[in-house]
Amino acid sequence: MADQTAPAAFNCPRLRLVGLAVVPALVAAVLLVISQKSEASSSLWAPLTSTRPPANAARGLTARRTIAAEDHGTHSTHIDAPSPDLREEEHYVVPKHFSMFDAPLINRRVAVGSAAMLSVAHAQSAAAITLPQPVQSSVALVQTLFSTWASPLFCVYLSMGLLATAALSNIMNLDSTVMLAVQLTVATAAATYAAIAVGLTVLGGFAGALALTGAFFLREIFKSSRRADPSLQERIATFYDETSQVWEEVWGDHMHHGLYKKGVAIKTHQQNLDAQEDMIEEILKYGNVRNLEGDIKILDAGCGIGGSSRSMARMFPKAQLTGITLSPFQQQRATALTASAGLSDRVAFRVEDAMKTSFPDNTFDVVYSMESGEHMPDKKGFVAECMRVLKPGGVLVMAVWCHREVPPQLNKSEVSLLEKIYKVYALPYVCALSDFERYAKELGMEKTKFDDWSDSIKPFWWQVIKKAVSIQGITGLIKSGMTAIYGAWAAGWMQLAVERRVFVFGAFTATKPATI
């Protein structure tokens, strides 16, 4: 009879740890090879590679953008993109695949599969290394491998791995039916395993936390399942419905950049709030409207929770202000805050689309747009709507996110970074700052000018990141959900885009002719 005694090495806990981790790692490697070789499986994961742009509800205007990528080794194709009056010579270089991770299809498949495999490896290894008895034979080693599935530690570690898998798949694609099924399955399994671990191990408190985490992911997944192919307007409204409360609690009632003085260190949060007030003051001065007097009417297009409107109401004691937003939560909160400030007699808020407002022609003396122009699916159409509601001689003032001036054309890495930001912040696309001036001139507006204020807002996103990782910030983000967490995560991308000057923060103003 052959000797079944195991080599002495099998009795070393650390070597058993390595040995038990090898099997799942090999499975992950096999999956990698198979997925690289097989084209048949790509149809199952096709929803992860959708390059369809966000729905465009801007008066039905679309244009065919040429994706000129021959110089970068990718295919040249066409997609519908909301960009009216697009000059034929304009080209946009884009990658073949868009995703939160900017990874090709194969990497995304392997990321999810490997996360599950590694979780199994960790669970088996952690359980096996705690076994007090030595392994006497090769057969016993295999038995140990399978016996770990009954270990409480296995339940704990596997639930962690499954939750990580659910998070990965959720970040990659919220709209895919296939991925929704994967998310529901792994999150439910994770919560179940964690609940089992509560009853089986002294680590019940930790496992209970995992169960709560599983419930959190399930909540987010079910929320995402109710948003079947939302329009751009719905995405914007949902984003601000779900993030405005945590922003107000952690930061304040101004939901825009601050204008910082060069060389001044930021030591207190009050300096950030002062910088935001300075931004409002300076953009009004830029449009030469800060000194207006009398019973003027101001439209705050994209009002957030009304911070700018209340500030302008104090600057212009006789002015009537109207703020509009797509977010019902923002409208309700803005109304409540304004009532508390005693300004309800002069400041009101509505839920309206700034692309097609209900106001009559020639209503406002000033249209104020603080970081809302980037959300507009038809940039020229937005300028036209602002011009329509302005009185003759009225002024449009805008602070807006744009991409850098072209040429040279945006390269692959720049477009990839922009696409990530678009997805998180519900942006259809951004244009160059000079495009707004071109649109205004084509519409017949006068006294147009624009300037790059990027250097003056650079400290802002680092301040946002610092607040997001504070105890108050983390608590608020968890309470608000994944939309807010994604937004906080993307603050790093915003900072990178500003540092690389891919993103430009600009000021723009134009005046409606006194006679038309």
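What share of the contacts in the chain with a separation of 6 or more comes from residues 24 or more positions apart? It's 78%, with contact meaning heavy atoms within 4.5 Å.

**View 1. The whole chain, a predicted model.** Residues are numbered from 1 along each chain as its sequence is written, and side-chain values use heavy atoms, leaving out hydrogens and water. Since this is a predicted model, local features need pLDDT of at least 70 and side-chain atom pairs pLDDT 80 or more, while totals for chains, interfaces and linings use all residues. You'll find 18 helices and nine strands here, taken as DSSP runs (helices H or I, at least four residues; strands E, at least two) numbered from the N terminus. Of the 516 residues, 51% are buried (under 20% relative accessible area, 1.4 Å probe, protein chains only).

**View 2. Helix 7 against helix 10.** The axes of helix 7 (residues 232-250) and helix 10 (residues 328-340) come within 7 Å and cross at roughly 35 degrees; axes are lines fitted to C-alpha atoms over the stretch in contact, with angles running from 0 to 180 degrees between N-to-C directions. On the helix 7 side look for Tyr240, Asp241, Ser244, Gln245 and Glu248, which meet Pro328, Phe329, Gln330, Arg333 and Leu337 of helix 10.

**View 3. Around Asn411.** Asn411 sits in the loop between strand 7 (390-403) and helix 12 (412-425). At 29% relative accessibility, Asn411 is partly exposed (between 20% and 50%). Its side chain joins that of Ser413 through a polar contact of 2.8 Å (N or O atoms within 3.5 Å, one able to donate a hydrogen and the other to accept it). Val502 is 91 residues from Asn411 in sequence, yet their C-alpha atoms are 9.9 Å apart.
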